Amino acid sequence: MSPFTEEKEKLLFKLVDNANVLLIYFNASGNVSTCNRKVEYFAAKSREDIIGQNWLSVLYPDTNVLMKQQTFKAITDDSTKYKRPNTFEGIITDRSNNERLIFWNITPVLTESGDLEGVLLIGDDITELKESEASSKKIDETLRNIFSNIKEYALYVINLDGNITYYGMGSEMVFGWQKNEIIFKQAGILFSSEDAKTKLPYILQEVRESGQYETEIDLVKKDGQSFPVILNVTRFLDREGALTGYIFIAKDITERKKLEYQIFQTEKLAAIGQLAAGMAHEINNPLFVISGRIEMLLGQRMGRKVKESLGIINAQADRIRKLVDQLLKFSRKTQPKLEAININDTIESVLPLLSYHKLPSSTVSIEKDLARDMPTVKGDLNQLQEVFVNLLLNAYQSMPDGGKITIKTHNLQNTYAQITISDTGHGIDQKDLKNLFMPFFSTKQNGTGLGLSICYNIIKNHNGAIEVESQTNRGTTFTIKLPFA
Amino acid sequence: MTYKVLVVDDEAPVRELFRDLLKKEKCTVKCVPSAENALYLIEKEDFDIVLLDIKLSGMSGLEALKKIKGLKSDQIVIMITGFGYDEELIAKSREYGCSGYIGKNMPISQIISSFKLFAKTAQERKKLKK
């Protein structure tokens, strides 16, 4: 007895006919035996017109799409030849000439003796599905691109036990830890040991209570170096809204801090400059009178003791005079005379000038490595010479037991002339480095603390930059960048 | 070579020092504390050289220089400055016709030798013109 009653068969036919898939059955020679309504709709033909046609000509009435046809045919042929089902994803056009992406199930139908009777194609229109998949993929990709370009952000998640469970975008770059090194480690590893004990629990408590917490804090890199970040922590909730962890977003603000410090320094320098200029002028008048009177007295007869004392007074007055002179230089607002200057020549011209200064008697060798391809910079020869003399004198003075000065010039991408002056001297203490260009800051016993601040001002007025690197007992390197003309 | 010099400076100790220093160099010296006084005197008397402070209370040194030159175009004027080497002020003074400048920040010996040098060149030039 057939398992289908007539009624059930009717129902089955109705379901198949109305199913929201394309259904075609064609015989072994490729002619369509039957199809459902969706195929009628796509082909814009009635079932009567479709039956008996070659299946490919039904699906691809446009003969210009031979390639699409042939791929589908090859896969179907493969399916019939080896009598195994297959799938195929391909585009056909519907009655309104819209391209639709169809996912086809190809099922060979066999006779009882195992020969091929026909092929059943069931096609599912997956156009919209693919589109949304593609766009979400694209969003993912775009997001990943955006985040991989934001190198100062680290995004990571910790669970309620404090283990790092997600270590994402930018984290490796910011912290220096690789993902596999740090995943499931305690989050405290990214804080100083003190902060891990006190601040971290406090932050998590705040987040639990108010949902979010933002603070400026120092975090710690893999190499132990601490760096400033803006840390934003939020709750990480599961679908039911229960707390499962904390999302950390740390923004590295090292560069911003540096800039803030520079601006602060610049403003401070400008204020000091103004004060210095005013004071220098006020000091110059009485000092002139003192020096002048001493000078007049020295021409007269007097006892040895008095003469000796006057000599000392004179020398000290002269010291003040020189200091005021430097103050005036430091506050000098006049813009540099801008002429085309060859940096290599300037350096060569400075070396003989050094002999006019009191140099330590130690043996110091000077090595030069000057770039051949060096365009001119716009600058004031006198002022730039003063900078180089100052830096070279400092280098000499840092090597009382002798050593080597290396002067290098370098063409930085045809934009800047880079000049480095390195010595092998006693170096500068790390804590003194940030104050090095401040007026009146000196590490020398008899230094006025004005030399480097004058250098700083000159280079700044040339739209350039001056930086220093130093290691105690290893030496110091000054790097100057000046824009090419 | 001796000169008749007029010193213009609003600070008495500075004026007096210049007077003593220049007297030592055998100059005849008169001192006034302001540009207004100087102009009045220059109109009545002839001076070989006027030493004029650039920063005066009342009429400024630069203004005074302009007026002096208006009064006597061949008057030799040397500016005195307490500002040290100020390119802008010096350029302005030159434009208005000063013969040189002396910084109060220079060593005294250099101030005297500079004064002599400026005075000598200026006078030679003046003679040449005549």
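In chain B, strand 3 (residues 49–53), helix 3 (residues 61–71) and strand 4 form a right-handed β-α-β unit. A crossover is called right-handed if, with the strands pointing away from the viewer, the path from the first strand over the helix to the second runs clockwise. Helices (H or I, at least four residues) and strands (E, at least two) are DSSP runs, numbered from the N terminus. The model is a predicted one: local features need pLDDT of at least 70, side-chain atom pairs count only at pLDDT 80 or more, and totals for chains, interfaces and linings use all residues. Residues are numbered from 1 along each chain as its sequence is written, while chains are lettered from A and ligands numbered from 1 in the order in which they are written.

Chain B holds five helices and five strands. From the N terminus on, its elements run β-α-β-α-β-α-β-α-β-α. Strand 4 of chain B pairs on two sides. With strand 3 of chain B the pairing is parallel, over five bridges; two strands pair if DSSP finds at least two bridges between them. Asp53(B) has Ile80(B) of strand 4 as its bridge partner. Strand 5 (residues 100–103) of chain B is also parallel to strand 4 of chain B, and four bridges join them. Here Ile80(B) stands opposite Ile102(B).

Strand 4 (residues 76–81) of chain B is largely enclosed by the rest of the structure, because six of its six residues are buried. A residue is buried if 20 or more other C-beta atoms lie within 10 Å of its own, exposed if 12 or fewer, and partly exposed in between, with C-beta atoms placed from the backbone. Both faces of the strand are covered. Ile76(B), Ile78(B) and Ile80(B) lie on one side, and Val77(B), Met79(B) and Thr81(B) on the other. Across chain B, 42% of the 130 residues count as buried. Of the contacts in chain B with a separation of 6 or more, 58% join residues 24 or more positions apart. Two residues are in contact if their C-beta atoms, placed from the backbone, lie within 7 Å.

At the interface, 15 residues of chain B contact 17 residues of chain A. Helix 1 (12–24) and helix 4 (87–95) of chain B each supply at least two residues to the chain B side. Helix 1 of chain B gives the most, with five residues. By class, the chain B side has seven nonpolar, three polar and five charged residues. Ala, Val, Leu, Ile, Met, Phe, Trp, Tyr, Cys and Pro count as nonpolar, Asp, Glu, Lys and Arg as charged, and the others, Gly among them, as polar.

Chain A contains 16 helices and 17 strands. Of its 485 residues, 25% count as buried. Residues 24 or more positions apart make up 53% of the chain A contacts with a separation of 6 or more.

Five strands of chain A form an open antiparallel sheet in the order 7-6-10-9-8. Strand 7 (164–167) and strand 8 (212–220) of chain A stand at the edges, each with a single partner strand, so one side of each lacks a neighbour in the sheet. The twist averages 30° from one strand to the next. Strand 6 (residues 153–159) and strand 7 of chain A run antiparallel and are joined by three bridges. Ile158(A) has Ile164(A) as its bridge partner in strand 7. Helix 10 (residues 199–210) of chain A packs on the sheet, touching strand 8, strand 9 (226–237) and strand 10 (243–252). The direction of helix 10 makes about 160° with that of strand 8 of chain A. Axes are lines fitted to C-alpha atoms, for helices over the stretch in contact, and angles run from 0 to 180 degrees between N-to-C directions.

Helix 16 of chain A is largely enclosed by the rest of the structure, because nine of its eleven residues are buried. Its buried residues pack against helix 11 (254–298), helix 12 (304–331), helix 14, strand 16 (465–471) and strand 17 (475–483) of chain A. Helix 14 (residues 381–397) and helix 16 (residues 451–461) of chain A pack at an angle of about 145°, with their axes 9 Å apart. Residues in contact include Val387(A) and Leu391(A) in helix 14, and Ile454(A) and Ile458(A) in helix 16. This contact comprises seven nonpolar, four polar and one charged residue. Just after helix 16 of chain A, Asn463(A) takes a positive phi of about 60°.
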